[in-house]
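Here are my notes for a first look at this structure. Please keep the model open while reading the points.

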Amino acid sequence: MNDSLNKNNASATPLQLNDELKKMYLRYLTTELPLKEAKLAKERIDLFNKEGVINHAPLIEQMPRYKLTHTLEEAKSLLNLNPLFISFLKCGLFTQKKMYKHQFDALKAVCVDNKNLVITTGTGSGKTESFLMPLMHQIINEAQNWQSKKEAGIRALLLYPLNALAEDQMIRLRRSLDSDEARKWYSNNLQSNKITFGRYNGKTPVSGGKVRGKIQELKDYRDSLAIDIASFSSSSVKEKMRYNFSSLDIESSELFDRWSMQDTPPDLLITNYSMLNIMLMRKIEDKMFEQTKAWLQNDPWHKLPNSSQPTRVFQLVIDELHTYRGTPGTEVAYLIRLLLDRLGLTPNSKQFKFLATSASIPDNKKT
């Protein structure tokens, strides 16, 4: 039924599609639940045809058409961006032919003007790319100087209010940072180093120390995930669902479990404020913050701080900024200050960059 609906209504308007769906449900009800009495059948049809019984009229909302500006190559020339960064974007992070104006403006604000960033465009406007592109430009500027083994540290912390939003972001990051094209790019440009990422929240296996029972728990978790992935019937389905699951192969740039991230923190760490609060209080995650602090302090910029910009910058991304209001907002603000203090940073440090998104903050200078 769905296939025929898609084929016959590829160019249908919302109102036409609504009418077609209603007719299909009516055909189903009259066929599966027939009535012998014609009068009763007509009364039932009349009842079903009343507004709100089978369905409601569609609510149509007009969305702004965001202005397109430059291609990646044009942006590279206009903003003097790193050519390696442009080639990396083509591995899966940016698939549009042209950037939206606010995406170009975000790149300029962060990469050229060295500003912090709050993106307030609407839903479906490419806000994720608006912060991921400048974030990745900073990391790739550093990455091109990585030696055979890069120095460990969290280069970017992505803070989400809900685990569901973090899960959606993980799909995007897998497609951008762990595609076949990205893996080939690492091999050709980063001396086989990878830009790593990992999700650290209540769903991340496995809590506690490396005792025998926990080691077996992690093994069982990996085996169960491998069985789930192998259960897909065809290669096309496997490819379609690939980025919905963590990759378990050795070439993956995703860190799968807590122990891996505790030993060597990923370049991009995805978590929520509740978990971050716990991490800052527990000894088991100490190494993650100490390595990040050491990575920042080892920036060659410290020897000549007045003559150039730092090459190592800790970037904090806060999604859905408007959700942190009132008491929760105050708590998160203090949490961020504790985090910066733990890393040896201050809010106005040149080694700290703040990036945030919200579709609910009005474009008003008085706000």
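1. Start with a term: a salt bridge is a side-chain nitrogen of Lys or Arg within 4 Å of a carboxyl oxygen of Asp or Glu. By this rule the model has 21 salt bridges. This is a predicted model, in which local features need pLDDT of at least 70 and side-chain atom pairs count only at pLDDT 80 or more, while totals for chains, interfaces and linings use all residues. Residues are numbered from 1 along each chain as its sequence is written, and side-chain values use heavy atoms, with hydrogens and water left out.

2. Look at Asp263 and Lys210. Their side chains form a salt bridge, 3.1 Å from N to O. Asp263 lies in helix α12 and Lys210 in the loop between β3 and α10, so the link spans 53 residues. Helices (H or I, at least four residues) and strands (E, at least two) are DSSP runs, numbered from the N terminus. Asp263 has a relative accessible area of 34%, so it counts as partly exposed. For this scale, buried means under 20% relative accessible area, exposed over 50%, and partly exposed in between (1.4 Å probe, protein chains only).

3. A second bridge joins Asp180 and Arg242, with the closest N and O atoms 3.3 Å apart. Asp180 is in helix α9 (residues 180-189) and Arg242 is in the loop between α11 (235-241) and α12 (258-263), so the pair ties together parts 62 residues apart in sequence. Both ends are partly exposed: Asp180 at 47%, Arg242 at 22%.

4. Lys219 and Asp223 make a local bridge, 3.0 Å from N to O. Both sit in helix α10, four residues apart, about one turn of the helix. Salt bridges that share partners also join Glu142, Lys150, Arg155 and Asp267 into one network.

5. Which charged residue is buried yet has no salt bridge? It is Asp319. The nearest side chain of opposite charge, Lys127, is 6.6 Å away; here Lys and Arg count as positive and Asp and Glu as negative, with His and the chain ends not counted. Asp319 lies in the loop between β5 (314-318) and α15 (326-342). Neighbours within four places in sequence aside, its contacts (heavy atoms within 4.5 Å) are Leu159, Tyr160, Pro161, Leu165, Tyr324 and Thr357.

6. Now the interior. A nonpolar core is a set of buried Ala, Val, Leu, Ile, Met, Phe, Trp, Tyr and Cys residues joined through side-chain atoms within 4.5 Å. The largest core has 45 residues; Phe85, Leu135, Met136, Leu158, Leu177, Ile195 and Leu268 touch the most other members. Helix α7 (residues 127-143) gives the largest share, eight residues. Apart from this core lies another, of 29 residues, including Tyr200, Met275, Leu276 and Phe354.

7. Check the backbone too. Most residues other than glycine have a negative phi, and most peptide bonds are trans. Asn80 has a positive phi of about 55°. Asn80 lies in the loop between α4 (72-79) and α5 (83-89), and at 69% relative accessibility it counts as exposed. Asn114 also has a positive phi, about 60°; its place is the loop between α6 (101-112) and β1 (117-119). A cis peptide bond joins Pro205 and Val206, with omega about -5°. Val206 lies in the loop between β3 (197-199) and α10 (212-230).
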